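I opened the model today to look things up one by one. My notes follow.

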Amino acid sequence: MPSSHPDSSDSPPPSREHSDSEPPAAMEAPRSIRLNVVLFALTIVSVVFTGAMLDPLGLKSPTTWLHALQYAGALLGILVAHESGHYIAARIHNVDASPPFFIPLPLLGFGTMGAVIRMRGRIATRAALLDIGASGPLCGLVVAFPLYTWGVRHSEIISLDSSEYGQLGTSLAVRAIEHFFGPTVPGGSDILLSPVAFGAWAGMLVTMINLLPVGQLDGGHVAYALFGPQQDKFARTFHRALLAFFFVSVLGWVVRDFRAGEGFKHFGEHVGDSMFWLAWYQVLAILGTVTRKGQGERGDDDEPRLPIFTRIVMLAGLVTLSSIGRTDNKPIVWIGFFISLAFVIAMEVRAGTLRTHKLFDHPPTGNEKLGIGRAAIAVVTLLMFIALFMPTPMSL
């Protein structure tokens, strides 16, 4: 995922001509990549160890570590392809971009938070912005789809009754691959993904998140290249849709349960499974705040004034209550949860992202529209978000 350099000056972007006193990016002194190498090595260790912790055979089994290496190879292969796509496209357009900084996250999530590439200056044209923004997810998916195809062909069929595993989310792309290339699944059974398939599934989920058309995520870059400044309004609307989708997801599960005669029996599980969208609503607001501050934006009277620490505390509180409610599905827990959620929403209305703001405004670039070919690429890239969309990414 590329990110802009925190520079709010009006200096010419790197892909334009430079003065004699300012050499082009391609002629600048090479950066040290020592930190990049160290972070990548730590990320490999983190992902392998996380994969081993997820394996049911236990850390003492040699097979566990083989599975962990397969998982790490698949996931990191996708992420390296993704970041390489960004980096190569940036260099082609003479944009001063750093090699990717991978972010290890041991024992949490998938073992990594992905990677970021830092770019100095503004990107001169919408064509360059599209090429840099779209190249990452498209290159990653070129690796992810074949890996998932191979991995699902080598996966195991298990009985749902005897399974103690959580249910992974599915998408149009996942369903299509499993339909044409996956094993036949009899009734009452499901596919237990092989380590390679699980790594590819994780890579597709990460790509889906990156394709959210908000701010300076890859999807935000692509959408801005396609729609121009109008994308800033779309981004705010889409961000608010994440909050709405949390309620839609919970309501959909509850209605299904009532039709099955189970009432609120699984209410705690459904709230927990829908928390993904509520969490990302806050995470994107935090990222938007960090980006605006990093670019030296002072904001105005309409800007959200919720501190990052306040958002983190609010999110942590909601996640904690939903975790308690998953195992202790008592009314008092959910009364506390929804009172807290109402307070959070009130805060967002008063001083947050449910009022007019610029947290997700994209840095300006050239005004010329994309040609037909690049516009088609932009549309296909955004459609990949729909193909990868998982309403419930994971059900524990």
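I call a residue buried under 20% relative accessible area, exposed over 50%, and partly exposed in between (1.4 Å probe, protein chains only). By that rule I log Leu 107 as exposed, because its relative accessible area is 51%. I find Leu 107 in the loop between strand S2 (101–104) and strand S3 (112–119); helices (H or I, at least four residues) and strands (E, at least two) are DSSP runs, numbered from the N terminus.

This is a predicted model: local features need pLDDT of at least 70, side-chain atom pairs count only at pLDDT 80 or more, and totals for chains, interfaces and linings use all residues. Residues are numbered from 1 along each chain as its sequence is written, and side-chain values use heavy atoms, with hydrogens and water left out.

I checked confidence next. pLDDT is the predictor's confidence in each residue, from 0 to 100. The protein averages 86, and 88% of the residues score at least 70. Over residues 4–29 pLDDT stays under 50. Where pLDDT is low, the predicted coordinates should not be read in detail.

Then I turned to His 362. Is His 362 buried or exposed? I note it as buried, because its relative accessible area is 9%. His 362 sits in the loop between helix H10 (331–351) and helix H11 (372–388). Its side chain makes a polar contact with the side chain of His 221, at 2.7 Å. A polar contact here is a pair of N or O atoms within 3.5 Å; within protein, one must be able to donate a hydrogen and the other to accept it, and residues adjacent in sequence count only if both atoms are side-chain atoms.

Last, I took the overall count: 11 helices and 7 strands. Buried residues make up 45% of the 396 residues.

Terms used. Contact = heavy atoms within 4.5 Å.
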